[in-house]
Amino acid sequence: MELLKKTILEKGIVLSDSILKVDSFINHQVNPVLMREIGKEFKKLFSHVKITKVLTAESSGIAPALMTALEFGVDLIFARKRQSLTLKDDLLTAEVFSFTKQEVTTLTVSRQHIDRSDVVLLIDDFLANGEVAGGLVKVSEQVGAKIAGFGFVIEKTFQKGRAMLEKTGIAIESLARISSLANGKITFID
């Protein structure tokens, strides 16, 4: 997706050989025009499947997942990373390690919002080590929901996430695939 790659090159900040900061357009300040195009692109990539829900994890996945859900005309569910007073009964949970936060969190979804009749598209901002995506799979599997595919805005191909997720046999689509962040330079796989 050329608009995404252009934006990453113009506004992305390489913090290290493994960390790309995209908070000026994806996960702190959000560029709505870019998010709309991301949603359209995921719709094209998964148009062959009858999606009933889009699932992501808070908070960075919400913007691209919402625009994808809008394109499909379905609801978005986001797994919470912190439990609230209103989210305490009949829960689906999975523990995951966050690469960027370097901590274990528990993804939580209310069983009211997903069931075995759902065909779920999993959307997230990054594919790095695949922990969050794996946690979303576990949440979905607890109720027998079918997973249609994984959609990632940015994939860091030099990390183990894709290899881990390929073992599930579920389709994986990434809109921008980065092969290296070495020496402060962003290198894409075309």
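**View 1. Strand β5 and its partner, strand β6, in the predicted model.** Strand β5, which spans residues 91-98, has two faces, one covered and one uncovered. The covered face is made up of L92, A94, V96 and S98, whereas L91, T93, E95 and F97 belong to the uncovered face. Strand β6, covering residues 103-110, runs antiparallel to β5, and eight bridges join the two strands. Within this pairing, L92 of the covered face has V109 of β6 as its bridge partner.

**View 2. Helix α3 and the elements that cover its buried residues.** Helix α3 extends over residues 62-72, and its buried residues are A63, P64, A65, M67, T68, A69 and F72. The elements covering these buried residues include the helix α2 (32-45), together with the strands β3 (53-57), β4 (75-79), β7 (119-127) and β8 (146-156). After α3 comes G73, a residue whose phi is positive, near 70°.

View 3. Is K21 buried, partly exposed or exposed? Its relative accessibility is 33%, so K21 counts as partly exposed, a class that lies between buried, under 20%, and exposed, over 50%. When neighbours within four places in sequence are left aside, K21 is in contact with K11, G12, I13 and L15. For a further reference point, the C-alpha atoms of K21 and I8 are separated by 9.2 Å, and these two residues are 13 residues apart along the chain.

Terms used: Residues numbered from 1 in each chain as written. Predicted model: local features only at pLDDT ≥ 70, side-chain atom pairs only at ≥ 80, totals over all residues. Heavy atoms only, no water. Buried < 20%, exposed > 50% of the residue type's maximum accessible area, 1.4 Å probe, protein only. Helix = DSSP H or I, 4+ residues; strand = E, 2+ residues; numbered from the N terminus. Pairing = 2+ DSSP bridges. Contact = heavy atoms within 4.5 Å.
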